Amino acid sequence: MTAPVGRPPLGVFSRPDVVPYIACWSSEQRPAGVVVVRGGGIAYADEGLYERDDMGVLWKRIGVSPGEGRPEFGKVHFLRQRRAMRRLLCQVCGGPSDRTGEGTLWLVGEDPDGSELWEPGYVTTHPPVCVPCAVTSVRACPHLREVYVALRVRAFAPVGVHGALYRPGEAFPVVYDADGVTFEDWRIGWVLASQLIMEFQEFTVVDLEAEHATYLANGR
C-alpha cells in the first residue's frame with residue numbers, strides 16, 4: 001500500500017521548487033476566437049487545420065510560450081495536458097513518465113481505502129508522472145499532502161474530454177455548463193475541450209517510498 005494518508009514519504013516543501021510542465025504561464029494568453037454553430041455542433045468562425053484533435057473535438061485556443069512571464073500554478077495548459085496524456089509524459093517535468101512491467105506510474109488525490117477509486121470506470125484529467133517528480137509532488141502539492149495514492153496502471157484509454165458545453169443561441173452558441181463528455185456522447189460536438197480524460201481499466205496500488213527506493217537502487 002502507499003505511505004499513510006497525509007504523510008508524504010520524504011518531508012514537505014513550503015512551495016513547489018519547479019513549475020509543472022502542464023502549468024500555464026502568464027504570457028500564454030488565449031487568442032480571440034468567435035464560436036459559431038456549424039454542422040450540428042460548434043466551430044470557430046476562422047477555424048484552422050489544427051483546432052481539432054484526431055477525434056474531431058474542438059479545443060480551446062491558448063498561446064504557447066512556456067517560461068515567459070510568471071507561472072500560474074492553478075491553471076492547466078490545454079495543449080500540454082493533452083500532449084502529456086497522449087504521449088505518457090510526466091506532468092511535472094515533461095519527460096517520459098515511469099513505466100515498468102507493472103504499469104505506468106500515476107498519482108491521484110484519493111484515499112486508497114475509499115470507494116471512488118475502486119468504482120468501475122475511474123477517470124482522471126491528471127497525466128502520469130516519473131518517480132522523482134512523484135516524490136516532489138507529494139511534498140509540494142497542498143492537496144496531495146492531505147491525501148494521495150500511487151498507482152501502477154496497466155490498462156487505460158482516453159475516453160473523452162472536459163470543457164465548456166455550448167447550446168444554440170439567438171445569434172451565436174452560448175455556454176451553459178462545464179462537464180466531462182465521452183467521445184460517444186452526442187454532446188461531444190458541442191464541447192470546447194480543455195482537458196483530455198483518461199480512464200483506468202486495470203491498476204495496482206503501490207508504495208511510493210518503495211518505488212523511489214527501487215528507482216535509486218537502479219541508479220536512474
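The charged end of Arg 61 is placed over the ring of Tyr 44, 4.0 Å from the ring centre; such a placement requires NZ of Lys or CZ of Arg within 6 Å of the ring centre and within 35 degrees of the ring normal. Arg 82 likewise lies over the face of Trp 59, at 4.6 Å from the ring centre. The structure is a predicted model, in which local features need pLDDT of at least 70 and side-chain atom pairs count only at pLDDT 80 or more, while totals for chains, interfaces and linings use all residues. Residues are numbered from 1 along each chain as its sequence is written, and side-chain values use heavy atoms, with hydrogens and water left out.

Aromatic contacts were examined next. A pair of aromatic rings is described by the distance of the centres and the angle of the planes. Rings of Phe, Tyr and Trp (its six-membered ring) pair if their centres lie within 6.5 Å, and planes under 30 degrees apart count as stacked, over 60 as edge-to-face and the rest as tilted. By this rule there are five aromatic pairs. One of them joins Trp 106 to Phe 156 in an edge-to-face arrangement, with 5.2 Å from centre to centre and 65° between the planes. Because Trp 106 belongs to strand S6 (residues 103–108) and Phe 156 to strand S8 (residues 149–167), the pair ties together parts that are 50 residues apart in sequence. Helices (H or I, at least four residues) and strands (E, at least two) are here DSSP runs, numbered from the N terminus.

Burial is expressed as relative accessible area, with buried meaning under 20%, exposed over 50% and partly exposed in between (1.4 Å probe, protein chains only). Trp 106 counts as buried, at 0% relative accessibility, whereas Phe 156 counts as partly exposed, at 24%. Ring pairs link Trp 106, Trp 118, Tyr 122, Phe 156, Phe 200 and Phe 203 into a cluster. Trp 106 and Glu 51, 55 residues apart in sequence, are 28 Å apart in space, C-alpha to C-alpha.

In soluble globular proteins, nonpolar side chains tend to be buried together. A nonpolar core is defined as a set of buried Ala, Val, Leu, Ile, Met, Phe, Trp, Tyr and Cys residues joined through side-chain atoms within 4.5 Å. The largest such core has 26 residues, and those with the most contacts inside it are Val 57, Leu 151, Val 161 and Phe 200. At least two residues of this core are supplied by each of helix H1 (78–87), S6, S8 and strand S10 (191–206). S10 gives the most, with seven residues.

The largest pocket has a volume of about 640 Å³. On a 1 Å grid over the protein atoms alone, a pocket is an open set of points with protein on both sides within 12 Å along at least five of seven lines, and lining residues have an atom within 4 Å of a point. Grid points are joined across faces, edges and corners, and the volume is the space filled by probe spheres set on the points. Of the 27 residues that line the largest pocket, Pro 20, Gln 91, His 126, Cys 141 and Leu 144 are the closest to its centre. Strand S4 (71–76), S6, helix H2 (131–140) and helix H3 (142–146) each supply at least two lining residues, and the largest share, four residues, comes from S4. The lining divides into 16 nonpolar, nine polar and two charged residues; Ala, Val, Leu, Ile, Met, Phe, Trp, Tyr, Cys and Pro count as nonpolar, Asp, Glu, Lys and Arg as charged, and the others, Gly among them, as polar.

Several individual positions complete the description. Pro 20 is found in the segment before S1 and is partly exposed, with a relative accessible area of 24%. Pro 20 and Cys 93 are 73 residues apart in sequence and 6.1 Å apart in space, C-alpha to C-alpha. Ile 22 also lies in the segment before strand S1 (23–25) and is buried, at 6%.

Most residues other than glycine have a negative phi. Leu 88, although not a glycine, has a positive phi of about 55°. Leu 88 occupies the loop between H1 and strand S5 (99–100) and is buried, with a relative accessible area of 12%.

Key:
On a 1 Å grid over the protein atoms alone, a cavity is a set of points where a 1.4 Å probe fits but cannot get out, and a pocket is an open set with protein on both sides within 12 Å along at least five of seven lines; lining residues have an atom within 4 Å of a point.
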